[in-house]
Amino acid sequence: MLRHLAAVLALAIAATAVHADDGTPRVTALGARLEHYDYPYPVHWFDVHSQVHDLQMAYMDLQPGKPNGQAIVLLHGKNFCAPYWTATAERLRDQGYRVIVPDQIGFCKSSKPRDYQYSFHQLAANTHALLQSLGIDKSIVVAHSMGGMVGTRYTLMFPDAVQKLVLVDPIGLEDWKAKGVRWRSVDDWYKNELKTSYTTIKAYQLKSYYDNHWKPQYDRWVLLQAGMYEGDGRDTAAWAGALTYDMIYTQPVVYELPNIRVPTVLIIGQADHTAIGRDAAPPAVAAKLGDYPTLGKEATRAIPGARLIPLDGLGHAPMLEAPERFYPALDDALAH
């Protein structure tokens with residue numbers, strides 16, 4: 001208990017916003033792999049030999065006091081790291097689940113190889129190897145945002161390893177390029193990523209994630225992301241970000257939703273507007289992207305036997321925006 005309290009305190013201190021003269025939170029350089037940021041639980045390392053690289057995949061492993069015999073893996077989004085799942089992971093652990101919370105290769109504390117072919121197939125294979133190394137042959141996959149694309153690919157590749165798939169405001173429910181979003185080269189993504197700052201991250205999340213309603217507690221997660229782009233970590237983080245944006249844009253999963261053969265539940269915030277590359281689309285196209293009420297219904301119809309739990313008035317990250325509403329929805333998804 002004391003170790004847990006100390007870890008939570010360290011996390012809170014690391015995320016505390018010190019404001020500059022203009023009122024903007026001052027970003028602390030945290031390192032390209034968050035070397036200067038403590039996670040709330042011990043970080044374990046899974047060695048991944050992939051594409052002639054020896055890589056490290058970071059993860060947290062929350063063990064229940066009274067195991068129910070089931071494991072859950074929580075998959076993070078593009079602009080998030082494992083710690084944003086902490087409260088959800090603790091709640092699931094207290095319900096008896098063993099909870100694994102990884103950082104994918106290319107993200108957060110995990111390795112960010114410069115010459116790597118990022119694909120959802122590769123991230124799914126890495127995740128499967130991690131779970132196998134832990135003796136977890138079957139798990140419940142709870143996947144948020146970009147994690148939804150990883151989780152979908154994982155389920156398609158390893159259906160026998162998935163007990164249930166829970167998609168929380170996943171991206172990838174539409175093919176942006178097919179809808180008219182302009183292609184960007186990796187070089188263009190990289191130039192854009194080099195401009196990343198607290199201000200740009202907040203502006204994007206405010207509009208796309210939170211329907212223009214900001215709460216001070218969101219700053220913690222913006223500062224965590226921005227900290228990787230501050231100081232010496234900027235180039236490494238920006239290049240990894242460019243490669244993974246290219247992965248997201250060029251590797252749609254929406255066409256394969258009918259091939260999912262495991263019980264699936266979608267939890268969809270009805271005020272979510274997230275769409276990759278909206279800024280590169282013609283205005284008429286951009287206005288139609290990220291229509292999550294419609295996308296959620298379409299995906300539910302496409303996935304055999306899937307069920308939809310809509311969350312009215314909530315955006316892209318309901319576990320952060322309104323946990324008191326998200327948790328009952330997650331309980332429902334896991335129970336039925």
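## Aromatic pairs

In this predicted model, the count of aromatic pairs comes to 14. One of them is formed by Tyr190 and Trp239, whose ring centres lie 5.2 Å apart with the planes at 85°, and because planes over 60 degrees apart count as edge-to-face, this pair is edge-to-face. The two residues belong to distant parts of the chain, since Tyr190 is found in helix α6 (residues 186–193) and Trp239 in helix α9 (residues 234–250), 49 residues apart. Tyr190 is buried, with a relative accessible area of 17%, and Trp239 is likewise buried, its relative accessible area being 17%.

The rings of Trp214 and Tyr218 also make an edge-to-face pair, with their centres 5.2 Å apart and their planes at 85°. Here Trp214 counts as partly exposed, at 21% relative accessibility, because the limit for a buried residue is under 20%. Tyr218, on the other hand, is buried, with a relative accessible area of 1%.

## A cluster of rings

Which residues are linked into a cluster by ring pairs? The cluster is made up of Phe80, Tyr84, Trp85, Tyr204, Tyr209, Tyr210, Trp214 and Tyr218. It therefore takes in both Trp214 and Tyr218, whose rings form the edge-to-face pair described above.

## Charges over rings

In a second case, Arg184 lies over the face of Trp189, and the distance to the ring centre is 4.5 Å.

## The disulfide

How many disulfides does a search of the whole structure find? The search finds one, and it is formed by Cys81 and Cys108, whose sulfur atoms are 2.1 Å apart. The torsion about the S-S bond of Cys81 and Cys108 is about -90°, and so this disulfide is left-handed.

Cys81 lies in the loop between β5 (71–75) and α2 (86–94), while Cys108 lies in the loop between β6 (98–102) and α3 (120–133), so that the pair ties together parts that are 27 residues apart in sequence. Are these two cysteines buried or exposed? Cys81 is buried, with a relative accessible area of 5%, and Cys108 is buried as well, with a relative accessible area of 3%.

Note on methods. Residues are numbered from 1 along each chain as its sequence is written. This is a predicted model: local features need pLDDT of at least 70, side-chain atom pairs count only at pLDDT 80 or more; totals for chains, interfaces and linings use all residues. Side-chain values use heavy atoms; hydrogens and water are left out. Rings of Phe, Tyr and Trp (its six-membered ring) pair if their centres lie within 6.5 Å; planes under 30 degrees apart count as stacked, over 60 as edge-to-face and the rest as tilted. Helices (H or I, at least four residues) and strands (E, at least two) are DSSP runs, numbered from the N terminus. Buried means under 20% relative accessible area, exposed over 50%, partly exposed in between (1.4 Å probe, protein chains only). A charge sits over a ring if NZ of Lys or CZ of Arg is within 6 Å of the ring centre and within 35 degrees of the ring normal. A disulfide is a pair of cysteine sulfur atoms within 2.5 Å.
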